[in-house]
Amino acid sequence: LFEENVSYYPTLLPETSDEDPAEVFAAGGTPELAELRLHNGTIYRWNRPVYDVSDARPHLRVENRVLPAGPTVVDIMANAAFFYGAVVEMVNDERPLWTRMTFDAAHQNFLAAARHGAAASLYWPRAGEVEWDELVLRLLLPMAQRGLERLGVARVAVDRYLGIIEERARLRTNGAAWQVEAVQSLEERGRSRQQALRDMLRAYMEHMHDNEPVHTWPVP
């Protein structure tokens with residue numbers, strides 16, 4: 001993968017180093033590989049390999065970058081439980097999802113979700129085109145629950161975190177939807193666009209530290 005990065009992706013951020021990695025390695029040291037690390041950081045992969053050095057010790061890791069951020073810790077935990085539970089169940093299915101759905105269909109789902117958010121309709125095998133909330137409630141949540149049970153996750157944790165996903169779907173509200181609704185509400189009450197954006201961000205930061213799921217936040 002690192003060789004592919006160097007071969008196929010142009011350098012966006014030039015950085016030069018006086019380090020000779022071969023000499024450092026031959027002397028028993030740890031090459032920093034600063035140029036390679038910076039270049040790798042400009043290439044977005046869903047599962048990105050990373051070479052890094054910590055306390056003079058090199059390591060390789062894989063960053064799983066598909067999960068959405070926040071806005072609260074409990075929202076992040078719910079997203080992780082939902083995602084990993086569903087993935088485990090898909091992997092253990094006799095007919096894995098990727099044998100029943102084309103890459104093009106998955107790509108179109110990705111674009112629809114990115115463009116339309118809570119208004120998106122998505123394709124799913126045997127279900128056809130469905131609203132995202134129906135897909136989550138009817139198909140994906142039961143799948144995620146079975147996957148988490150397969151992993152041995154405590155029932156109280158499964159109920160807590162998947163319950164957040166369930167209510168988010170029922171209310172059709174996520175972090176982005178709350179942001180849009182908050183800005184529109186503030187503008188309707190006389191704020192300018194810039195004022196509305198600032199006030200929304202201020203409220204967003206305050207609610208974030210309360211660690212309550214975003215679908216429960218009041219709209220300012």
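Glu63 forms a salt bridge with Arg61, with 3.2 Å between the closest N and O atoms. A salt bridge here is a side-chain nitrogen of Lys or Arg within 4 Å of a carboxyl oxygen of Asp or Glu. The model is predicted: local features need pLDDT of at least 70, side-chain atom pairs count only at pLDDT 80 or more, and totals for chains, interfaces and linings use all residues. Residues are numbered from 1 along each chain as its sequence is written, and side-chain values use heavy atoms, with hydrogens and water left out.

Both partners of this pair are partly exposed. Glu63 has a relative accessibility of 22%. Arg61 has 33%. Partly exposed lies between buried (under 20% relative accessible area) and exposed (over 50%), using a 1.4 Å probe and protein chains only. Arg61 and Glu63 also belong to a network of salt bridges that links them with Glu32, Arg37, Arg48, Asp52 and Arg65. Side chains of opposite charge can pair when their charged atoms come close. Across the whole structure, the search finds 21 salt bridges.

Arg155 takes part in two further pairings. With Glu149, the N to O distance is 3.6 Å. With Asp159, the closest N and O atoms are 2.9 Å apart. Arg155 and Asp159 both lie in helix H7 (residues 155-171), 4 residues apart, about one turn of the helix. Helices are DSSP runs (H or I, at least four residues), numbered from the N terminus. Arg155 is partly exposed at 47% relative accessibility. Glu149 is partly exposed at 40%, and Asp159 at 44%.

Tyr44, Trp46 and Phe110 make a nonpolar surface patch of about 370 Å². Patches are made of residues with over 30% relative accessible area and no salt bridge; like charges are joined within 9 Å, and nonpolar side chains (Val, Leu, Ile, Met, Phe, Trp, Tyr) within 5 Å. Areas come from the Shrake-Rupley method with a 1.4 Å probe; for residues, only the protein chains shown count as cover. Phe110 is found in helix H5 (residues 103-116). Its relative accessible area is 44%, so Phe110 is partly exposed.

Helix H8 (residues 175-188) and helix H9 (residues 193-210) have axes that come within 9 Å and cross at roughly 130°. Axes are lines fitted to C-alpha atoms, for helices over the stretch in contact, with angles from 0 to 180 degrees between N-to-C directions. H8 and H9 are therefore oblique to each other. Angles under 35 degrees count as roughly parallel, over 145 as roughly antiparallel, 65 to 115 as roughly perpendicular and the rest as oblique. The crossing of H8 and H9 is right-handed. In a right-handed crossing, the near helix is turned clockwise from the far one by less than a right angle; anticlockwise is left-handed.

How values were computed
Helix = DSSP H or I, 4+ residues; strand = E, 2+ residues; numbered from the N terminus.
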